[in-house]
Amino acid sequence: MSKGPKFYFSLRSPYSWMAYRDLLERYPDVAEAVEWVPFFEPDALSERMLTERGEEFPYSAMSRAKHFYILQDVGRLTKDRGLPLTWPVDRDPVWEVPHLGYLVARRAGKGPEYVAAVYRARWELGRNICDPAVIADVATSLGLDPVEVSTAADDPLLREEGVEILLRICKDGVFGVPFFVHRFSRFWGMDRLDEFAAHLRSKLAPAGALPATASSVSIGRSSEESHAGGCG
């Protein structure tokens, strides 16, 4: 398992979406230094494969009270940031569809562009990113093979790679997103981004891996416990 810094992100989570934007806008040096690892809730097949490897996914169903809190909290946070927000409706979602699609895009050198486009589709346009047709549209817009990307969840090799990621999630103690890891240090929630960035700069900057300060960059349009900025 890699000991380098990691950013566990979910294309499902509004907090992960906002952390992603904050990371790129305020800490582009950190964004380039970390490994981006997708976090997704397994469907029945992935869960069975994970169980066969001796692990159990660290996830608790969201309560009704937490769900309504998140609706209000995300509304406040996006308004403060001036972000457009259209709540999507998830019906029997299979989260492997967008997240394993990311693996295909990353392999083609389009990982960041894919993340931006899928986040925009979900949180700005309210589209169902578990619909292969939506992911095919994203792939086409990025010059990727729409069939390969949108059917990634049907590829046995990508399923295996997805299970390896789930094992990393378990071994790194990730219980929600966004989640930042560097060796033995862990930071959960978008409100821990500043602390993570300071920690990473203090550890890596002396070796010349990170500049002392970061300039702003623009972004193209593209688990039961909780606190502001983290969700399971």
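1. Asp 92 has a relative accessibility of 74%, so it counts as exposed (over 50% relative accessible area; buried is under 20%, partly exposed in between; 1.4 Å probe, protein chains only). Asp 92 sits in the loop between α4 (64-81) and α5 (96-107); helices (H or I, at least four residues) and strands (E, at least two) are DSSP runs, numbered from the N terminus. Its phi is near 50°, a positive value in a residue other than glycine.

2. The model is predicted: local features need pLDDT of at least 70, side-chain atom pairs count only at pLDDT 80 or more, and totals for chains, interfaces and linings use all residues. Residues are numbered from 1 along each chain as its sequence is written, and side-chain values use heavy atoms, with hydrogens and water left out.

3. Arg 183 is not a glycine either, yet has a positive phi of about 55°. It belongs to the loop between β3 and β4 (185-188) and is exposed, at 52% relative accessibility.

4. The peptide bond from Val 177 to Pro 178 is cis, with omega near -5°. Pro 178 lies in the loop between α9 (156-171) and β3 (179-182).

5. There are 15 aromatic pairs in the structure. Rings of Phe, Tyr and Trp (its six-membered ring) pair if their centres lie within 6.5 Å; planes under 30 degrees apart are stacked, over 60 edge-to-face, and the rest tilted. Trp 17 and Trp 123 are stacked, because their ring centres are 6.0 Å apart and their planes at 15°. Both Trp 17 and Trp 123 are buried.
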